[in-house]
Amino acid sequence: MPRKAPFNVIFASSEDEKFRASELDEHGPTVKGWQSHRYCQFPQEIIFRLHYPITLTQVQILAHQYLIPRKLELWLGPEEHEETEDVSDLNFGYIGYITLSDNKKSSYKSRELKSISVPDCKPTAYVKLMLESNHENAHNKYNQVSLVAVQLLGESKTGLKELSPFDDLSFEMYVDKEVSNIIRQMETKKEEAVKAERFRYAGKLKSAMVALREVGERLGRYEVSKQQAIANEDYSRANRKKEQMDLLRSEAYATLNINDLLEEDGIMTKNDAAGNEILEASTPSEEADTPEVCPDNIPPPGVYQSPLSPLRYTSPPVRSTRSQSSVVQPIRTGSLRKKKQPRTSYDQYDDRIIPAAQRSINEEKAVVVHSAALKMNEREKKQAALPISVFGISLVEKFYSRQYSDKEEGVRTLESVLRNGGLEGNKIARGAVFLLHRALRDKVFSVYSMASSAVEYFFNSFVSSRVSVSEMSRSVEKILPELLSKSGDVTPRIHNTAVHTILSMAHAPELRKLNLIPVHITRPLTSSTHPRLALSRLEIAEQLILSIGISTDKNSGMTARVLAEFGASGLHHPAEAVRKVAERVLVLVYRVNPRMVRKQLPPDDDITRRNLLYRQLMREFDKIDLQMQEAKKDTPIQNNKKLMRSGSISEPQEKYTDKMTMKCSTSCYSANRIPSPISPPSSESRDKQCIFCFRTSDSFTEEGLNIHYWKYCPMLTRCNSCSEVVEIPSLNSHVESGCRKSGDRENSGETRCPFCRILVDNTEVGWRKHLVDGRICSNHPRAAFIHRGSPPLSDSFE
């Protein structure tokens, strides 16, 4: 199986004075890597001479963060070492090429670790890398290319039997050299212990190697910071880093019993004894300050490892044409980096040639990966200090794990803890809300769904008689904004789950008493509110109206005034779907309080009804009004009528004046006394007759007459100045008197119609003939209603 092959760089086309090609011979945290000369000629070539011939199986390349070549070609040389000073005399065979990402997605802050599988080939003692032109970016001012590190893996003629995970380039570049050497010694000891069936000793070595690797990574970071401090001549900081490294190294070695485990003086019986397991080395926390980062020689905070990249194969190229890239198209382009991995995710490196030939991960590696996924850093521990003190770190680590199965188990465990309850209800509630809020933000739907169910149980069952009102309010303010945000998600199942959870919270007994949910939901919308969020809030409000109803409590958030303002704000939203739901909300409120809804809308006149939105809404209101009229048909009719609109109308007819007086709730209408020459109707139809136009209808109940006076009666009109409804014959005198009171109309002579300016006989018969006909006065504002007839169709005139 392949192992690391040592090599030396014997040729490079060019190199920067500060970044020599010899840097590629070594691996470690402080290695700077190779860079080409400024404005160099392409392609750039680097030739490696192996210490002994190998059958190359894999090449690992750590690219620079912004000095990145577009394409990298692999060539293999002769099998045996040749004594020659001119490398051009060496014969190389072309194997294939790979492409590298331009690194724009990471903003040039991370490096790409590329692992290349090499097809079966003959043994070789020389390897050549050929780098094509660079990716252009603002940081690469001199068109340079660079390689931070190169690793060659292969099988020697002797043929080693095991593949060491510690030969990986990512391990060598970020682990302290002394620690990496000790780990390799332990690996050898472990192999010998397994052969000798000393399994307890092998287990202790395995645990110590895992702990040492973490220590080595931290020592590597300290070493980088120390070198940077030396470069900046900050010797006090360099000395502080050196002391930290010495302290960490000594404590780790003492805790892990390194000398005893290496058995330098021979086999020790205590290593085979039961118990006395190896514990992780307690390491001092890193300093809060971080070294100044020099992009040319300091490793970035994270390394993205792309999957194994097979070379792109072509027929043997003709080097003289330089047109290979135009003949062969790459199979894959763009970045091959995983989206995001932990800062030190070397154990998660997937060493596979192709997916079909992937080897199964052994049990040891799976345990290490799982433990690394559960581990919390110092910042996360400080952030989750409260839930850790309440539930313990083992439960909280599951919520911070990178494995969704751990998060699901954490939510289930938390819900079981809530079901068991506790004495300190407020403290448990605060810690649980912190963890549930984090779970609700998870991108895996199963975790989000389980967290929503836990939220429902928390507010419906747990908070009862255990949590104070202030803590309950704080919990809602923490959870509700996240659920409202999820309710605007484009995915239906996420949206539906969020809406269901919010409605469940609103119906929770304790929250319903406090009216916490409706107050947040019914806040007026703005035109800048996202359409999906606005739509969700309106739908939730509609469901609350249907289930809870409209309240008279001013603090409930469900009063007719608040809902009318909320629905009216939705009518002005630019999204059509939002406006449709706002219409439904206003219709529901109108059935309870018509006056409050109309107060939020423009006046119901011809100009308003020209707007398609208001026209449809007003028609719905008219239907509701007619339904109310039908509902009042069987109720006894009083002689004293009351208009719902503001105003007063009096028409004492001389022949039956004592029972035909109409009054209003507020004084707005004004009318003159108009003696009627027509004989009064029978007593059965008097109560269903208009006292101005003498029209009769079965729909003329108290409400029906009010609507007729307000909209349809041809003898009445609305003053454009004060919006009072007055009789048309007295409109001129009403306007001349400043719209404060109606003027008296003379009973003799002629006057002009205020609409068409035609002379009209100033008598009741003359005005009725001019106005009620509908064809003589062409400018009558209610002519359209006169022509089509006021509903219902069974209406008739006496």
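Me: To begin, in which helix is the place of Asp625?

Reply: In this predicted model, Asp625 lies in helix α23, which covers residues 612–631.

Me: Why is Asp625 called buried?

Reply: The label buried requires a relative accessible area under 20%. Asp625 has a relative accessibility of 11%, and therefore counts as buried.

Me: What makes the pairing of the side chains of Asp625 and Tyr590 a polar contact?

Reply: The criterion asks for a pair of N or O atoms within 3.5 Å, one able to donate a hydrogen and the other to accept it. The side chains of Asp625 and Tyr590 make such a contact at 3.0 Å. Leaving aside residues up to four places away in sequence, Asp625 touches Tyr590, Arg598 and Ile707.

Me: How do you know that strand β8 is largely enclosed by the rest of the structure?

Reply: Strand β8 spans residues 124–131, and eight of its eight residues are buried, so the strand is largely enclosed by the rest of the structure.

Me: Over how many bridges does β5 pair with β8?

Reply: Strand β5, residues 71–76, pairs with β8 over five bridges, and the sense is antiparallel. Here Leu72 stands opposite Leu131 in β8.

Me: How does the span of helix α11 stand against the expected value?

Reply: Helix α11 comprises 17 residues, 404–420, and at 1.5 Å a residue the expected span is 24 Å. From first C-alpha to last, the helix reaches 25 Å, which is close to that expectation. The buried residues of α11 include Val411, Leu414 and Leu418, as well as the residues Asp406, Lys407 and Glu408.

Me: Where does UniProt place the feature "domain: UVR", and what is the secondary structure there?

Reply: The UniProt record, an unreviewed entry, places this feature at residues 180–215. Over residues 180–215 the chain is 92% helix and 0% strand, with the end C-alpha atoms 10 Å apart.

Me: What is the secondary structure of the protein chain as a whole, and what share of its residues is buried?

Reply: The protein chain has 27 helices and 18 strands. Of its 798 residues, 49% count as buried. The chain exposes about 40,400 Å², of which carbon and sulfur atoms supply 49%.

Note on methods
Residues are numbered from 1 along each chain as its sequence is written. This is a predicted model: local features need pLDDT of at least 70, side-chain atom pairs count only at pLDDT 80 or more; totals for chains, interfaces and linings use all residues. Side-chain values use heavy atoms; hydrogens and water are left out. Helices (H or I, at least four residues) and strands (E, at least two) are DSSP runs, numbered from the N terminus. The expected span of a helix is 1.5 Å times one less than its number of residues. Buried means under 20% relative accessible area, exposed over 50%, partly exposed in between (1.4 Å probe, protein chains only). Accessible areas come from the Shrake-Rupley method with a 1.4 Å probe; for residues, only the protein chains shown count as cover. Two strands pair if DSSP finds at least two bridges between them. UniProt positions are given in the numbering used here, feature names are shortened, and annotations may be inferred rather than shown by experiment. Contact means heavy atoms within 4.5 Å.
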